[in-house]
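Thanks for coming. I have one structure to go through today, so please look at it on the screen while I talk.

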Amino acid sequence: MINQSAGPPAQPGLDSADPALIGRIGAGAVRARDAIPGGRLRRPARPLVLLAAFVCAACGLVYELELVALGGYLLGDSMTQTSVVLSVMVFAMGVGSLLAKRLARRPATAFAAIECALALVGGLSVLMLYSCWAWLDQYRATMAGLVGMTFVIGALIGAEIPLLMTLIQRIRCEDAGRAAADLFAADYVGALIGGLAFPFLLLPTFGQATGALLTGAVNAVAGAAVVLWLFREEPPPRARTLLWTGCGLVLAALAAAAAFTGAIERAARHALYGAQVRFAAQSRFQEIVLSGPARPAVPWAAPWAPAVVEAADRVPPQRTGGPSRVNGPSDPPLELFLDGRLAVCGPDEYRDHEALVHPALAAGPGARVLVLGGDGLALREVLRHSRVRSVVVVEQDPALPALVRADPALSALSEHAFDDPRVRLVVADPLRWLRSDRRSTREPFDVIVSDLPGTDGRRGEKYASLEFYGLAARRLAPYGRLAVRTGPVGPALWSAEAGLRAVGLRTVPYQGEDGGHQCSGRPLPGSAFVLAGREQPVLALGADAPAPRSLTAAGLREAARRLAERRPTGAAAPITLLG
């Protein structure tokens, strides 16, 4: 029975403690000391509890998406990490729902405590997992942390709905189906808002770490504080004091973590990328980290993402094939990391980009070129050819070409390729752009160069799929050539060749002459490439460009011959989007 008040009861029969009614909503539901205070608070109480359910559902889904995104970024193989997080989360929610039955006698107290714990664990989850990955440097330890964090968050989320259902019934007794419909409606709409807020608001505006901390603070206020205020008569005075104190401490801990997030990220990045990290930003699509030796300069602010400029410096242009002109031979090179993957190593990057571009532009028409991938280095090699009249560059993440244009070292390394009047930059997903029906993009290209991420399980598999190659082949002129980088020699190379052949192109796999290089003293495997066309392509070098620094026609053909000897005996299967 709820507390008596000056007004009429919320529903006839509730104060009479009818046995059937008690059986439907639980014996504890009619205890006077467990209900909300009487009077004017009775009317807004139910909407406020539904609002708390709405906000908690939004926060819960943000935590889930944070774990999915972070697992794919840190551990690779995003499909596996997504499956692990979702399955463990759903299982843990079932466990939490079962455990909530033991807490139903004091639902407001239990719910406030659960929301405080969820706000703390969920808010700190990104920083804890990132730190675990950076300093432990063990796949199993990070995976165990991901699974454990997911289970704890899922169990706490699973306990919310049963407790909220009990609180709803204590405010106003009604048919269980109607109460469940209202509660689940608020829950599902909240999940929708949280799911949309994560990629479009939290991630691009605040980044993963700060976004999770902000979500935890909202969770603590909307979940714990609101419910604890509404049902403040339920817990004894001492327990009520402890709960309010705990809620305040959680908010203080999240605020302190937010204040030190920059220092934690800097320390972790230094552990991962060395002490020369000088620019880091989380764009909508990826984390971008630039490292290199420090030189004083004026810092710049990226307009496209919240950036962490860790030193107000820039590096001078680097001499390809060796140390920088200004820095000594022991200085670390300029390095660009995309989602933790080394994408550019300044001194030796030209080897891969020369091997990717120059054979494709050696013979046949080459006036119109399409470059898929926007770090500007393959574009630099394309522009060396005098036959090239126009180049379209398609890059999904506008942050990458913006950084290449703004950073003096990257801009010098690309030889200011994006400023060339022959270049047109298109910001779009390459796969989506290729299947666009706009007339301006339906013109055939003489050469297509794909410098997109390889099949590393993170972002690249769709760019090595049969569907992607088929769409690219449709954009080729009759005598056009398509050059693809596939990563180190392995299954990805032979699957890419199988996919290109399946769409009707003839192929020749090859490598650069040296087959590998070093970066910061670390040996790196050389990339493999596939040159494809409607006619059998021949490996050669064009006369309309300066001689490459790392290639000769004879060396290319010899590297291709050695690679052909390593071809597997069984036929490789192409990658498909559904495969």
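Aspartate 420 and arginine 422 form a salt bridge, and their closest N and O atoms are 3.0 Å apart. Arginine 422 counts as partly exposed, at 25% relative accessibility. Before going further, note that this is a predicted model.

Now the overall picture. The protein chain has 579 residues, and buried residues make up 53% of them. It contains 16 helices and 14 strands. If you take the contacts with a separation of 6 or more, residues 24 or more positions apart account for 75% of them. The chain exposes about 24300 Å², with carbon and sulfur atoms supplying 61% of that area.

Back to charges. How many salt bridges does a search of the whole structure find? The search finds 19. Let me take two other pairs.

One is aspartate 348 with arginine 351, where the closest N and O atoms are 3.5 Å apart. Aspartate 348 has 10% relative accessibility, so it counts as buried. Arginine 351 is partly exposed, with a relative accessible area of 22%.

The other is aspartate 544 with arginine 387, whose side chains meet at 3.0 Å, N to O. This pair links distant parts of the chain, 157 residues apart. Aspartate 544 sits in the loop between strand E14 (527–533) and helix H16 (553–565). Arginine 387 sits in the loop between helix H10 (377–383) and strand E7 (390–395). Aspartate 544 is buried at 17% relative accessible area, whereas arginine 387 is partly exposed at 27%.

There is also a network. Which residues are linked in it by salt bridges? They are Glu349, Glu354, Arg380, Glu381, Arg384, Glu415 and Arg549.

Arginine 380 lies in helix H10. Is this arginine buried or exposed? Its relative accessibility is 3%, so arginine 380 counts as buried. Setting aside neighbours within four places in sequence, arginine 380 is in contact with Glu349, Tyr350, His353, Leu413, Ser414, Glu415, Ala417 and Arg549.

Glutamate 415, another member of the network, is in the loop between helix H12 (408–413) and strand E8 (423–427). Glutamate 415 is partly exposed, with a relative accessible area of 43%. Its phi is near 55°, a positive value in a residue other than glycine. Histidine 416 is in the loop between H12 and E8 too, and its phi is also near 55°. At 45% relative accessibility, histidine 416 counts as partly exposed. For background, most residues other than glycine have a negative phi.

Next, strand E14. How many of its residues are buried? The count is 7 of 7, so the strand is mostly covered, buried here meaning under 20% relative accessible area. Ser527, Phe529, Leu531 and Gly533 point one way from E14, and Ala528, Val530 and Ala532 point the other way. In a regular strand the side chains alternate between the two faces of the sheet.

E14 has pairing partners. Strand E10 (residues 476–488) pairs with E14 in the antiparallel sense over 7 bridges. Leucine 482 has alanine 532 as its bridge partner in E14. Strand E11 (residues 506–511) pairs with E14, again antiparallel, over 6 bridges. There, valine 508 has leucine 531 as its bridge partner in E14.

Last, the surface. Val189, Leu192, Ile193, Leu196 and Phe200 make a nonpolar surface patch of about 470 Å². Leucine 192 lies in helix H7 (residues 176–230). This leucine is partly exposed, with a relative accessible area of 48%.

To recap the charged part, the search finds 19 salt bridges, and the aspartate 544 and arginine 387 pair links parts of the chain 157 residues apart. That is what I have.

Technical notes
Residues are numbered from 1 along each chain as its sequence is written. This is a predicted model: local features need pLDDT of at least 70, side-chain atom pairs count only at pLDDT 80 or more; totals for chains, interfaces and linings use all residues. Side-chain values use heavy atoms; hydrogens and water are left out. Patches are made of residues with over 30% relative accessible area and no salt bridge: like charges are joined within 9 Å, nonpolar side chains (Val, Leu, Ile, Met, Phe, Trp, Tyr) within 5 Å. Accessible areas come from the Shrake-Rupley method with a 1.4 Å probe; for residues, only the protein chains shown count as cover. A salt bridge is a side-chain nitrogen of Lys or Arg within 4 Å of a carboxyl oxygen of Asp or Glu. Helices (H or I, at least four residues) and strands (E, at least two) are DSSP runs, numbered from the N terminus. Buried means under 20% relative accessible area, exposed over 50%, partly exposed in between (1.4 Å probe, protein chains only). Two strands pair if DSSP finds at least two bridges between them. Contact means heavy atoms within 4.5 Å.
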